[in-house]
Amino acid sequence: MIRVVLPYHLRNLARVGEEVQVEVAEPMTVRAVLDALEAKYPALRGTIRDHGTLKRRPFVRFFACKEDLSLEPEDTRLPEEVVNGTEPFLIVGAMAGG
Amino acid sequence: MSSIRVLVGTKKGAFILTGDGKRKNWKVSGPHFAGWEIYHLKGSPVDPNRIYASQSSGWFGQIIQRSDDGGKTWNTPGSSAEELKGPEGFPKGESNKFVYEGKVGTHMWYDGTQHPWEFKRIWHLEPSLTDPDTVYAGAEDAAIFKTTDGGKTWKELSGLRAAKSALWQPGAGGMAVHTILQDPKHPKRIYVAISAAGAFRTDDGGKTWKPINRGLKSQFELPDPDAEVGHCVHRITLHPSKPDVLFMQKHWDVLRTDNAGDKWTEVSGNLPSDFGFPIDVHAHEPETIYVVPITSDSLHYPPEGKLRVYRSKSGGGEWEPLTKGLPQKDCYVNVLRDAMAVDSLQPCGIYFGTTGGQVYGSADNGDTWNAIVRDLPPVYSVEVQMLP
């Protein structure tokens, strides 16, 4: 099980708590987590990645183990701590600035 | 006695104002979808409990929400009540998939090059006059979508973008279908308005569209002031009893047409400024119209810091200021294009919201005004529902 932490607005939209768990098959990549998340919570489709291109929305970031994975290729394997459930995969609304 | 529901979309959520038939006592509920931009929400004319809302965010994109109980509860269409039961229940509807039909195409970009259409958000939702499951949605980048399953799936009526769209160009506010009007006497006739492209009409239910901009003059905005497309139309409106007569607030100029848009005539008359955003028609007097003059395209606030609604009882040309109850000094708010609506009680009620967060209402044709609420987030849209 991969632990995924959602930002406030997406928790409300999906009507879940701060953290959800999704079953992800190997290979455990960013793409696999997002696919599993959207399959379990279809209301989140289009909110993290664009519907058509499946590209990350510009102001959404992916963090794990104190690293920013947002710019990594989506086929990059997740850190081992995320794979074994020690650490969550964080989906974050980027800072708005100001 | 009838009561009234005023649906208010704001920069930080939706609010529902419920008033009694006298329009004196109001109850405010909200924010619904707190923290999200609500460009528009509107009820079905055939089922007042059915309300659609456009919820969007610079972070997370577009969501469509639907209420089947007058705004008490909301779901993304496609979710069944069964799925929502119990602590583990979560909505399965996605309802936010707006995909342009066919080859996506291009429009004019700021630098003169062609730029591909990119979906950004839904500005306006227009429920069908006859079917609560059918809704039209006006999108940025400009396109019209339609659902016939209560908002679960959306399909573009792509004929609109065949109407010289390579010449459409976004203004500073983007390029969106912001107004959709259905003709109650000719069910296959629909009008839309787009900034900055102009007004368009279909007579075949949305398959084909034509520009209807003859008579519009944009001498400061376009190299050809009489161009067929490219005009910055801010809002159009009609009275259901005379749907061939439309009124328009353009970037500059207030205009009317008496032949379904085939030819427009300026009726700005004695307005202190003919720049503005909303325009609306009295519920019972098809030649009585309302605008809110704004100083200029550079100064988006009322002239002289006085918030004045102007009313014409002659379909334009002759205008009178309506000021009682509205701030007449130090007022520098704007009133956006979708932020005015009327009720159909006697006498007619008029409502508008400001970028300063006030929603003003008049229960006497606009003669006097009161603030129903004063401190909401900036108001994007106002709609009215009559309840039995």
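## Helix H2 of chain A and its surroundings

In helix H2 (residues 30-40) of chain A, the buried residues are Val30(A), Val33(A), Leu34(A) and Leu37(A). Viewed along the axis of H2(A), these buried residues fall within an arc of 95 degrees, so they line one face of the helix. An α-helix has 3.6 residues a turn, so residues three or four places apart point the same way. The structure described here is a predicted model.

Several strands of chain A take part in covering the buried residues of H2(A). The table lists those that are named.

| Strand of chain A | Residues |
|---|---|
| E1 | 2-5 |
| E2 | 19-22 |
| E3 | 60-64 |
| E5 | 89-93 |

### Chain A as a whole

Chain A contains three helices and five strands. Followed along the sequence, these elements give the pattern β-α-β-α-β-β-α-β. The radius of gyration of chain A is 12 Å, close to the 13 Å that the globule rule gives for 98 residues, so chain A is as compact as a globular protein of that length. Taken along the principal axes, the C-alpha atoms of chain A fill a box of roughly 35 × 25 × 25 Å.

Of the 98 residues in chain A, 30% are buried. Where contacts in chain A join residues at least 6 apart in sequence, 51% of these contacts link residues at least 24 apart.

### The contact between chains A and B

Chain A also meets chain B: 18 residues of chain A are in contact with 17 residues of chain B. On the side of chain A that touches chain B, helix H1 (residues 8-14) of chain A gives the most, with four residues.

### A buried phenylalanine in chain B

In chain B, Phe119(B) is situated in the loop between strand E8 (114-116) and strand E9 (121-127). Phe119(B) has 23 other C-beta atoms within 10 Å and is therefore buried, since the cut-off for a buried residue is 20 or more.

Which residues are in contact with Phe119(B), leaving aside its neighbours within four places in sequence? They are Phe98(B), Tyr100(B), Ala139(B) and Asp141(B).

Terms used. Residues are numbered from 1 along each chain as its sequence is written. Chains are lettered from A and ligands numbered from 1 in the order in which they are written. This is a predicted model: local features need pLDDT of at least 70, side-chain atom pairs count only at pLDDT 80 or more; totals for chains, interfaces and linings use all residues. A residue is buried if 20 or more other C-beta atoms lie within 10 Å of its own, exposed if 12 or fewer, and partly exposed in between; C-beta atoms are placed from the backbone. Helices (H or I, at least four residues) and strands (E, at least two) are DSSP runs, numbered from the N terminus. The arc is that of the directions from the helix axis to the C-beta atoms. Two residues are in contact if their C-beta atoms, placed from the backbone, lie within 7 Å. The radius of gyration is taken over C-alpha atoms; the globule rule is 2.2 Å times the number of residues to the power 0.38.
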